[in-house]
Amino acid sequence: MTETPVRVRAEIDLAALRANVRALRARAPRAAFMAVVKADAYGHGMVPCAKAALQGGATWLGTATPEEALALRAAGIGVDDARVMCWLWTPGGPWRAAIEADVDLGVSGMWALRELTAAARAAGRTARVQLKIDTGLGRNGCMPADWPELVEACLKAEAEGTVKVTGIWSHYACADEPGHPSIALQSAEFADAVRFAERAGLTPEVRHIANSPGTLTLPESHYDLVRPGIAMYGLSPSPEVGTSADFGLRPVMTLGAQLALVKRVPAGLGVSYGHHYVTPEPTTLALVPVGYGDGLPRHASGTGPVLVGGKVRTAAGRIAMDQFVVDLHGDEPAAGDEAVLFGPGDRGEPTAEDWAQAAGTIGYEIVTRIGTRVPRVYVNE
């Protein structure tokens, strides 16, 4: 990481992000590419990452909430730059603003269609709608039993001029587990839903179901568009199947900090809350000024790895809100020296996946939970 006198920083390598987009596009060369930038681009910074993804060849941007989609437009990403889609709506949402911003609107049920058609009439615009079918994830999406009603209502709205169905889509539950029986079932359900809608008279521009693992491991799922999320940021969606390097991806975020203190201590010293770690002998301790208030998982206490002085150390005792301690076993780096919590691994530093394993979670959560107290520093813009 480059030198900047701050407590902690997340360095975001936009060249790596662009390269990841190109590598993923090569996996699905005949499909359009939607860069999923929801949740502040999985913690990496939505607007800079969206712009870098477009430079890498993405033509769509995917967000969860309408507020995220509108923020992209407000940041100057125009209709000629990218199509923008959002899908997580609640009643009373900003339908009209999204329609006027030329956002594609994910619709999973009749209530949403009713609200957006009313907003389209008020705006005097045709709303672009992407119908989601629940093929077996059991989360958002229209149930197959209700699909005919939703399709018929959309046909009527198209005839009225308030709606244009631009897409039909779904989401896999277990694409990160190749061979899982749900994959074939969901693929078949999706094909049936598309076939029904098209025979009824809808003409979607794009059909899409492939998330990151689908893009990487299920070529038959690519259809007209793929929607990589975590893979675009260089993390493997399926570490059991392949590492980031195996898939030709490079982690984009490096999280580093300055040591706040290095001190010699005697044997038998209890360290941090609860004294879950007690020094077994005289040693040196270093204070890393990062904690769960910055997004580190507290449940990685005692296991979270960090590179200090060229060696990987482990959090000694509890991770606190603002800081944690590592046992240096007699080494004596200086206050202000760098501690690297995770990165691509080039210098032997831990990766986000290492932190995920230490915390019993997934790499998605590690990068996404890094909070706003941690400044993002963009390199290779």
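Tutor: The largest nonpolar core has 114 residues. Leu-61, Trp-147, Met-232, Leu-341 and Phe-342 have the most contacts inside it. This is a predicted model, where local features need pLDDT of at least 70, side-chain atom pairs count only at pLDDT 80 or more, and totals for chains, interfaces and linings use all residues. Residues are numbered from 1 along each chain as its sequence is written, and side-chain values use heavy atoms, with hydrogens and water left out.

Student: What makes a set of residues a nonpolar core?

Tutor: The set holds buried Ala, Val, Leu, Ile, Met, Phe, Trp, Tyr and Cys residues, joined through side-chain atoms within 4.5 Å. In soluble globular proteins, nonpolar side chains tend to be buried together.

Student: What does Trp-147 contact?

Tutor: Contact means heavy atoms within 4.5 Å. Leave aside neighbours within four places in sequence, and the partners of Trp-147 include Leu-131, Ile-133, Ile-168 and Phe-196.

Student: Why is Ser-238 called buried?

Tutor: Buried means under 20% relative accessible area, exposed over 50%, and partly exposed in between (1.4 Å probe, protein chains only). Ser-238 has 3% relative accessibility, so it counts as buried. Not counting residues up to four places away in sequence, Ser-238 touches Asp-176, Pro-178 and Phe-247.

Student: Is Glu-220 buried or exposed?

Tutor: Glu-220 is at 56% relative accessibility, so it counts as exposed.

Student: How do you know how α6 and α7 are oriented to each other?

Tutor: Helices are DSSP runs of H or I, at least four residues, and strands are runs of E, at least two; both are numbered from the N terminus. Helix α6 (residues 110–123) and helix α7 (residues 147–160) pack at about 5°, with axes 11 Å apart. Axes are lines fitted to C-alpha atoms, for helices over the stretch in contact, and angles run from 0 to 180 degrees between N-to-C directions. Angles under 35 degrees count as roughly parallel, over 145 as roughly antiparallel, 65 to 115 as roughly perpendicular and the rest as oblique. Therefore α6 and α7 are roughly parallel.
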